[in-house]
Amino acid sequence: MNIFSERTLLAMKLAKEAGSEIKRILREENIKTQEKGLNDVVTVADTESEALIIKRIRELFPNDTIIAEESGQYQKGESEYSWAIDPLDGTMNYSRGIPYYCVSIGYMKNDIPEGGAIYIPEMDELFYCERGKGAYCNGKKLCVSNINSIGNALGTIGFNNRYVEKRDFFNKIHNDCMYQMQNIEKLFSTVISLCYVASGRTEAHFELYCFLWDICVGSLLVEEAGGKCCTISYKTINYSQIDKQIIIATNKKIHDSFLNIIMANENI
């Protein structure tokens, strides 16, 4: 663990601390959701987790930029580093007692992901990575799966339901994947879906319209585990863009086949 930089170690510590806190809140308090926007909710756990994370980062790295989901904060710093924080990904799952929720804390250097950590409290799984140093879960090095046939591949898929005009288009892609793959699931958590590609549990994930904090750590986790990430038409993901991110992540072996399914549909 001492191979990692101070920022990665901090992300690991904070992800687990914040994750334990939101799990405690779920068990001990009466969770109430508030409407944040169309088909979007927030709980007290989201805001308390984010406040804890920002406070600790500010104490050690006061000059870093912070991009955080719930507070809508974009605190511009003077250093070349920036943090992308999702204090509770999968809030809808969380509020309904479904265990697919997590904390994601990543940092970038000049808008390129460098490291971070993801903690899934209900499974007690801490995923973490750093550029050039590999991807891990609870001390075990991760590697993507060896499946090289799209017909044998298990994938996940996600869509920001606030974009109602894209629903039919998303359903078409989902249907195409169902016909050509072993199966395609929806976990309602972009972050966890990327963790599962990195750990070899699934072979692919497609997300239409997510946010920077959803993919900052997960995309690097997939790449450090031997997988591949891109956006439409093999283009490199733009990590200076905060919203409307499109990510395609695979075990690399089925990348072309999976991307072809996505690209067969127009008007992405």
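**A tour of the aromatic rings**

Start by selecting F159, which is buried, with a relative accessible area of 9%. Keep in mind as you click around that this is a predicted model.

Across the model, the count comes to 10 aromatic pairs. F159 and F170 make one of them, a stacked pair with 4.9 Å from centre to centre and 20 degrees between the planes. Colour by secondary structure and you'll find F159 in strand β11 (residues 154–159) and F170 in helix α4 (residues 167–180), so the pair ties together parts that are 11 residues apart in sequence.

Next stop: Y163 and Y209. Their ring centres are 4.8 Å apart and the planes sit at 70 degrees; planes over 60 degrees apart count as edge-to-face, so that is what this pair is. Here the link is between distant parts of the chain: Y163 is in the loop between β11 and α4, while Y209 belongs to strand β13 (residues 204–210), 46 residues away.

The charged end of K244 sits over the Y209 ring, 5.7 Å from its centre.

For the last stop, select F61, Y81, W83 and Y107 together: ring pairs link these four into a cluster. What does R7 lie over? Look at the face of F61, where R7 is 4.1 Å from the ring centre.

Definitions and conventions: Residues numbered from 1 in each chain as written. Predicted model: local features only at pLDDT ≥ 70, side-chain atom pairs only at ≥ 80, totals over all residues. Heavy atoms only, no water. Phe/Tyr/Trp six-rings, centres within 6.5 Å; stacked < 30°, edge-to-face > 60°. Helix = DSSP H or I, 4+ residues; strand = E, 2+ residues; numbered from the N terminus. Buried < 20%, exposed > 50% of the residue type's maximum accessible area, 1.4 Å probe, protein only. Lys NZ or Arg CZ within 6 Å of the ring centre and 35° of its normal.
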